[in-house]
Amino acid sequence: RLKEEEEERSKLHPQIQKLLQDMVSLEGGSFQMGTEDYKHTKPVHPVTIPNFKIAKYPVTQAQWRAVMGSDPPKLKFKGCDDCPVERVSWNDCKGFIQKLNELTDKNFRLPSESEWEFAAKGGNKSKGLRYAGSNEIEDVAWYDGNSGGKTHPVGGKKVNELGLSDMSGNVWEWCEDDWHGTYDHAPKDGSAWVDSPRAASRVLRGGSWYLNYNSCRSTYRLNNSPTYRLNDLGLRLAQNSLPSVL
C-alpha cells in the first residue's frame with residue numbers, strides 16, 4: 001500500500017508533492033479556547049480535539065498555481081513562489097481544495113477554528129505563549145512592524161511547539177466556520193461551527209503582514225465575507241487523521 005501511494009505521489013507536480021509531505025500529524029487533546037480579553041474571544045471554554053493533520057505552512061503561490069493552473073486573478077505580490085498565496089476568498093479556497101482532492105484522491109479541507117487555535121497554541125506541547133511559537137512577535141511573525149508592506153516567503157521565522165510556521169502573521173488564514181460574535185454555544189468537540197443556512201461571514205485567524213501585533217495573537221479572531229479577496233487573506237490546509245490499518 002505504501003509503495004502504491006509513493007508511486008501515485010511521484011506522478012504529481014512537485015509543488016503538490018510538497019503539500020502532501022508538509023502535512024503534520026497532531027495528537028488530539030483538550031485545551032482552553034479563547035481569552036477574556038475581548039468580547040469576541042469569550043467565554044473561555046474547554047474543547048476536545050480529535051487527532052488531525054495540518055499543514056506546516058500556508059499554501060504558497062507556487063502551490064496554488066500547480067493546482068489551479070494559474071495565479072489567482074487578483075494576486076497582489078506576484079513573482080514570489082514561496083510567499084503565501086493571497087487575495088483568495090473563502091470561496092476560492094474551497095474551489096482550490098476541491099481540485100486538489102481530485103488530483104490527489106485525498107480529503108484536504110479547511111481547519112475548524114478550534115483546530116486552528118489548538119495548533120497555533122502548540123497542541124499538547126503548548127507553553128502558553130502569546131503568539132504561535134513565542135511571546136516575542138519578532139521571533140515568529142511578519143506584521144506591520146517588520147513586513148515592509150508585503151508578504152514574505154513561508155518558513156522564515158521561528159516555528160511553534162509543533163513545528164508549524166507562519167501561524168502568526170504573514171497572511172490571515174480562512175477557517176471552515178461561520179462567524180459568531182462570541183463563543184456562547186460553540187462546539188466543544190473540535191468540529192467547525194456551521195450554520196444552516198450558512199451565515200454571511202467566515203472566520204479568519206492568525207493576523208497578517210498588514211496589521212499590528214495584537215492581531216497576531218493565537219487567540220485573536222476576525223471575519224469577512226466568503227467572497228472577499230484582500231491582499232492579506234490566504235489559507236492553510238487540514239485533513240482528518242485516518243485510523244491505522246493493522
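Biologist: Is cysteine 175 buried or exposed?

Modeller: Cysteine 175 is buried, with a relative accessible area of 0%. Buried means under 20% relative accessible area, exposed over 50%, and partly exposed in between, with a 1.4 Å probe and protein chains only. This is a predicted model, where local features need pLDDT of at least 70, side-chain atom pairs count only at pLDDT 80 or more, and totals for chains, interfaces and linings use all residues. Residues are numbered from 1 along each chain as its sequence is written, and side-chain values use heavy atoms, leaving out hydrogens and water.

Biologist: Thanks! How many disulfides does a search of the whole structure find?

Modeller: In general, a disulfide is a covalent bond between the sulfur atoms of two cysteines. Here the cut-off is a pair of cysteine sulfur atoms within 2.5 Å, and the search of the whole structure finds one. That disulfide joins cysteine 80 to cysteine 83, S to S 2.0 Å. The link is right-handed, with 65° about the S-S bond. Cysteine 175 is in no disulfide; its nearest cysteine sulfur, that of cysteine 93, is 11 Å away.

Biologist: Good. Which residues of helix α2 are buried?

Modeller: An α-helix has 3.6 residues a turn, so residues three or four places apart point the same way. In α2 (residues 14–21), the buried ones are Ile16, Gln17, Leu19 and Leu20. They cover an arc of only 155° around the axis, which puts them on the same side of α2. The arc is that of the directions from the helix axis to the C-beta atoms, and helices are DSSP runs (H or I, at least four residues), numbered from the N terminus.

How values were computed:
Helix = DSSP H or I, 4+ residues; strand = E, 2+ residues; numbered from the N terminus.
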